[in-house]
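Have the picture open while you go through the points.

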Amino acid sequence: MKQGYFTVLSNEKLTENVFKMCLKGNTSAIERPGQFVNIKLDDLFLRRPISVCDLNGDELTIIYKVVGKGTERLSAMDGGEMLDILTGLGNGYFTDFSGDTPLLIGGGVGVPPLYYLAKCLINEGKKPTVILGFNTESEVFYKKEFEDLGVKVFVTTVDGSLGIKGFVTDAIKEVGEYSHVFTCGPEPMLKAVYNATTTSGHYSFEERMGCGFGACMGCSCKTKYGNKRICKDGPVLEKEEIIW
C-alpha cells in the first residue's frame, strides 16, 4: 500500500451516472488487476474505495458510479486538480489460475476491473471471453474498449434493448468451453454465476468498507477457511471458499 497525490488528467461522463477519471501519479504499489484505490475527499471522514480499471505506467484509470456525496464530488472535478489516494489495496486477481481460455463476467460497475485483467491475460498469451451485464442499453459502457482488445464480447441487458435479453448467466451458454471464471459485480449476480458455472473461479466482492486496508474489521465475511476481510484478504475470493 502506498499513499500519494495524483493529478486529475480528465474526468468524462460515460453514461447518466457513470464517469471515467484518468489520473497521474505513483502507481508502483499496484501489482495485479482487481486491486483498488482509496480516495480521500475533503470534509468526508471515510475514503472512497474504487477499483482500478486500467494502468499504463504512471497513469491510472478509474470508473465510478455517482451514488452519494463522495462520488458526486468526484464527478465535479476538473483536470489539474489533485487527489490524495491510497494505492495497491486488496489482493487482486491471480492470472496463474486462468488457463488458456478464461471467462470474464462483469455486472454494472463490476465491469471496470475486468478491463485491466483482460489486458494482462492477453499479454500472457491467453484468449479471454467477456460477458458484460447491464439493465438497459443506456447504461452500457466499455463494450467497444473490450472489443478493441480483440476479445469476444457478449452484452446482456435485462430489458433486451442491447445484446442478449436477460442476465449474464443467460450468455454463458453462448460462450462454449472456458477454463476459469473471473467475475465482479453485485452479490446476487456473483451467486448466480457461482451456480451457473462448472469451473473454478475468482469472485470479486463489492462490500462497504471503513478503513480499506484491514484495520477496522468492518468488512469481514465468513469463508470456509475462517473470517476474511474483503478489503485486505479480498476483495477476490476463490469459488471453493465462498459461503453464501
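Here are my notes, point by point.

1. First, the ground rules. This is a predicted model, in which local features need pLDDT of at least 70 and side-chain atom pairs count only at pLDDT 80 or more, while totals for chains, interfaces and linings use all residues. Residues are numbered from 1 along each chain as its sequence is written, and side-chain values use heavy atoms, with hydrogens and water left out.

2. Start with the barrel. Six strands close up in the order β1-β2-β5-β4-β3-β6, with antiparallel pairing. On average, neighbouring strands of this sheet are turned by 45° against each other, direction ignored. Helices (H or I, at least four residues) and strands (E, at least two) are DSSP runs, numbered from the N terminus, and two strands pair if DSSP finds at least two bridges between them.

3. How many bridges join β1 to β6? Six: strand β1 (residues 2-13) and strand β6 (residues 82-89) run antiparallel. Tyr5 stands opposite Asp84 in β6.

4. (Buried means under 20% relative accessible area, exposed over 50%, and partly exposed in between, with a 1.4 Å probe and protein chains only.) β3 pairs with β4 in the antiparallel sense over four bridges, with Val37 partnered by Ile50 in β4. Four bridges also join β3 to β6, again antiparallel, and there Ile39 has Ile85 as its bridge partner.

5. Now the other sheet. This one is open and has seven strands in the order β10-β9-β8-β7-β11-β12-β15, with mixed pairing. β10 (164-165) and β15 (236-238) sit at the edges with a single partner strand each, so one side of each is left without a neighbour in the sheet. Further in, β11 and strand β12 (residues 201-205) run parallel and are joined by five bridges; Cys184 has Ser204 in β12 as its bridge partner.

6. α2 touches β7 (103-107) and β11, and its direction makes about 165° with that of β7. Helix α5 (residues 187-196) touches β7, β11 and β12, at about 160° to the direction of β11. Angles run from 0 to 180 degrees between N-to-C directions, using axes fitted to C-alpha atoms, for helices over the stretch in contact.

7. Helix α2 (residues 112-123) lies across β4 (48-56) and β5 (59-65), running at about 30° to β4. A salt bridge is found here as well: the side chains of Lys119 and Asp54 meet at 3.0 Å, N to O. Lys119 lies in α2 and Asp54 in β4, so the pair ties together parts that are 65 residues apart in sequence. Lys119 is partly exposed at 21% relative accessible area, whereas Asp54 counts as buried at 13%.

8. On to the nonpolar cores (sets of buried Ala, Val, Leu, Ile, Met, Phe, Trp, Tyr and Cys residues joined through side-chain atoms within 4.5 Å). The largest has 24 residues, of which Leu104, Leu132 and Phe146 touch the most other members. Its largest share, five residues, comes from α2. Contact means heavy atoms within 4.5 Å; beyond four places in sequence, the contacts of Phe146 include Leu114, Ala118, Leu132 and Val153. A second, separate core of 22 residues includes Val52, Leu55, Ile62 and Met77.

9. What about the remaining salt bridges? There are six in the structure (side-chain nitrogen of Lys or Arg within 4 Å of a carboxyl oxygen of Asp or Glu). Among them, Glu124 pairs with Lys126 at 2.8 Å between the closest N and O atoms; Glu124 is partly exposed at 40%, and Lys126 is buried at 16%. Asp148 and Lys144 form another, with closest N and O atoms 2.8 Å apart. Both lie in helix α3 (residues 143-148), four residues apart, about one turn of the helix, and both are exposed.

10. Last, the cysteines. With a disulfide taken as a pair of cysteine sulfur atoms within 2.5 Å, the count is zero. For Cys53, the nearest cysteine sulfur is that of Cys22, 8.6 Å away. Cys53 is buried, with a relative accessible area of 0%.
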